[in-house]
Amino acid sequence: MPWVVAVEDDAVVGYAYATKWKERSAYRFSVEVSVYLSNQAHGRGLGAKLYETLFSTLTECGIHAVMGGITLPNPASVALHEKMGMKKVAHFEKVGFKFDQWHDVGYWQLSLNT
């Protein structure tokens, strides 16, 4: 699965990647995507550029659907995913555990080849 990395002044400031959605063959054209940015890279449109490049590569590879999971609340990540045309399709309560507490997780989806 592809990775896209953003580098500024010889330092990695962000990356986006895709992983298999599920192991079964029926899901071979679907992936989960993630994007991460360093603190200094927030708010500059870099997340959208990383996703645009990743989505283009995934389209060329024949991927049909992308899903992005977001630990909630996270307004900036929700805004990025919706800016990319992704729609919220699921909300799971208290399924993610980080920073010593349980968090809800939402999933956003986009079809690349409609």
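These legends accompany close-up views of a predicted model.

**View 1. The largest pocket and its lining.**
The largest pocket holds about 720 Å³ of space. It is lined by 29 residues. Closest to the pocket centre are Val35, Asn74, Ser77, Leu80 and His81. By residue type, the lining divides into 14 nonpolar, 11 polar and four charged residues.

**View 2. The largest nonpolar core.**
This core has 27 residues. Those with the most contacts inside the core are Val33, Tyr51, Leu54, Phe55, Leu58, Val66 and Met86. Two or more residues come from each of S1, strand S2 (11–20), S3, H1, S4, H2 and S6. Helix H1 gives the most, with seven residues.

**View 3. Val33 and its contacts within the core.**
Val33 is among the core residues with the most contacts inside the core. Which residues does Val33 touch, not counting those up to four places away in sequence? They are Tyr17, Ala18, Tyr51, Leu54, Phe55, Leu58, Val66, Met67, Gly68, Gly69 and Met86.

**View 4. Val66 in strand S4.**
Val66 is found in strand S4. Is Val66 buried or exposed? Val66 is buried, because its relative accessible area is 0% and the buried class takes in values under 20%. Residues up to four places away in sequence aside, Val66 touches Val31, Val33, Phe55, Leu58, Met86, Trp108, Gln109, Leu110 and Leu112. Val66 and Glu32 lie 34 residues apart in sequence. Their C-alpha atoms are 5.6 Å apart in space.

**View 5. Ser30 in strand S3.**
Ser30 is found in strand S3. With a relative accessible area of 16%, Ser30 is buried. Beyond its neighbours within four places in sequence, Ser30 is in contact with Lys20, Trp21, Ala65 and Met67.

**View 6. The salt bridge between Arg44 and Glu8.**
The whole structure has two salt bridges. In one of them, the side chains of Arg44 and Glu8 meet at 2.4 Å, N to O. The pair links distant parts of the chain, 36 residues apart. Arg44 sits in the loop between S3 and H1. Glu8 belongs to strand S1 (residues 3–8). Arg44 is partly exposed at 42% relative accessibility. Glu8 is partly exposed too, at 31%.

Side chains of opposite charge can pair when their charged atoms come close. How accessible is Lys20? Lys20 is exposed, with a relative accessible area of 53%. Glu23 is exposed as well, at 66% relative accessibility.

**View 7. Phe92 in strand S5.**
Phe92 lies in strand S5 (residues 87–98). At 41% relative accessibility, Phe92 counts as partly exposed. Its contacts, leaving aside neighbours within four places in sequence, are Asp104, Val105 and Tyr107. The C-alpha atoms of Phe92 and Leu72 are separated by 9.7 Å. These two residues are 20 residues apart along the chain.

**View 8. The cis peptide bond between Leu72 and Pro73.**
Most residues other than glycine have a negative phi, and most peptide bonds are trans. The bond that joins Leu72 and Pro73 is cis, with omega about 0°. Pro73 has its place in the loop between S4 and H2.

Asp10 is not a glycine, yet its phi is positive, at about 65°. Where does Asp10 lie? Asp10 lies in the loop between S1 and S2. Asp10 counts as exposed, at 81% relative accessibility. Lys94 is also a non-glycine residue with a positive phi, here about 50°. Lys94 lies in strand S5. At 60% relative accessibility, Lys94 counts as exposed.

Methods:
Residues are numbered from 1 along each chain as its sequence is written. This is a predicted model: local features need pLDDT of at least 70, side-chain atom pairs count only at pLDDT 80 or more; totals for chains, interfaces and linings use all residues. Side-chain values use heavy atoms; hydrogens and water are left out. On a 1 Å grid over the protein atoms alone, a cavity is a set of points where a 1.4 Å probe fits but cannot get out, and a pocket is an open set with protein on both sides within 12 Å along at least five of seven lines; lining residues have an atom within 4 Å of a point. Grid points are joined across faces, edges and corners, and a volume is the space filled by probe spheres set on the points. Ala, Val, Leu, Ile, Met, Phe, Trp, Tyr, Cys and Pro count as nonpolar, Asp, Glu, Lys and Arg as charged, and the others, Gly among them, as polar. A salt bridge is a side-chain nitrogen of Lys or Arg within 4 Å of a carboxyl oxygen of Asp or Glu. Helices (H or I, at least four residues) and strands (E, at least two) are DSSP runs, numbered from the N terminus. Buried means under 20% relative accessible area, exposed over 50%, partly exposed in between (1.4 Å probe, protein chains only). Contact means heavy atoms within 4.5 Å. A nonpolar core is a set of buried Ala, Val, Leu, Ile, Met, Phe, Trp, Tyr and Cys residues joined through side-chain atoms within 4.5 Å.
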